[in-house]
Amino acid sequence: MSTARDLMITAVDVAPGHPVEQGDLSLALAGAEVIDLLAAQALTLDDDRIVPGFRPTTDDPLLDRAAADLVRETPYEPVEDWLWRRGRGLSATYLATLEAEGLLSRQRRRGIPLRAGQIVLADSPQRRTAAHRRASDEPVLTALAAALGLRGEDRTEAADPPGVGDDAVDTVLAAVHGALMHLEAMRQRRAIEQAAFDNIWRGD
């Protein structure tokens, strides 16, 4: 199992108590893919730029797709640019893939279409692997889960993301943290602008 898949399963598993914005999850999944590709030696980092290596063939089509999506011309892509580009709609892609593989399903509710049903994880080896990594506080999954607030923390209060003692992985985690903070700032700015617009129309 990849870190990205384990993160997706973790997000679904703890979602009722710690719901995650899909945009946030997509950014974190894109970061997890970089970490998985680092482990597969499919890329290295030059400062914060992603330098592609060979294209591995794995048993994970999503990771193969991520490797094929790397920018292979200089100047190589910064990690944060990758997060925004690759991350667009990525959580929905992972959700659909896990559903197609039978790792999760949507519980039909009376009068509600199936696609709108509650997501339910199957009791699978993959789910147990993700749960074991989470329970054992495996550093990389723990850091990504904490960045998304999946461990009960208020992620906006953390000035710096937790490190794992690997410079390349720590660079990716810092980029994920920065992108999440930027996205949250964008949401707050839009909320303020919308409130101001509503006040104008109400004559406040």
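**Helix H1, its partners and the largest pocket**

Helix H1 (3-14), helix H2 (22-39), helix H5 (90-100) and strand E4 (118-121) each give at least two residues to the lining of the largest pocket. Helices (H or I, at least four residues) and strands (E, at least two) are DSSP runs, numbered from the N terminus. This is a predicted model, where local features need pLDDT of at least 70, side-chain atom pairs count only at pLDDT 80 or more, and totals for chains, interfaces and linings use all residues. Residues are numbered from 1 along each chain as its sequence is written, and side-chain values use heavy atoms, without hydrogens and water.

By class, the lining of the largest pocket has 13 nonpolar, 3 polar and 2 charged residues. Ala, Val, Leu, Ile, Met, Phe, Trp, Tyr, Cys and Pro count as nonpolar, Asp, Glu, Lys and Arg as charged, and the others, Gly among them, as polar.

Now the packing of H1. H1 and H2 pack at an angle of about 150°, with axes 7 Å apart. Axes are lines fitted to C-alpha atoms, for helices over the stretch in contact, and angles run from 0 to 180 degrees between N-to-C directions. H1 and H2 are therefore roughly antiparallel (over 145 degrees; under 35 is roughly parallel, 65 to 115 roughly perpendicular, the rest oblique). The contact of H1 with H2 has 8 nonpolar, 1 polar and 2 charged residues; contact means heavy atoms within 4.5 Å.

H1 and helix H7 (residues 139-147) pack at about 45°, with axes 10 Å apart. That makes H1 oblique to H7. Thr3, Asp6, Leu7 and Thr10 of H1 touch Val140, Leu141, Leu144 and Ala145 of H7.
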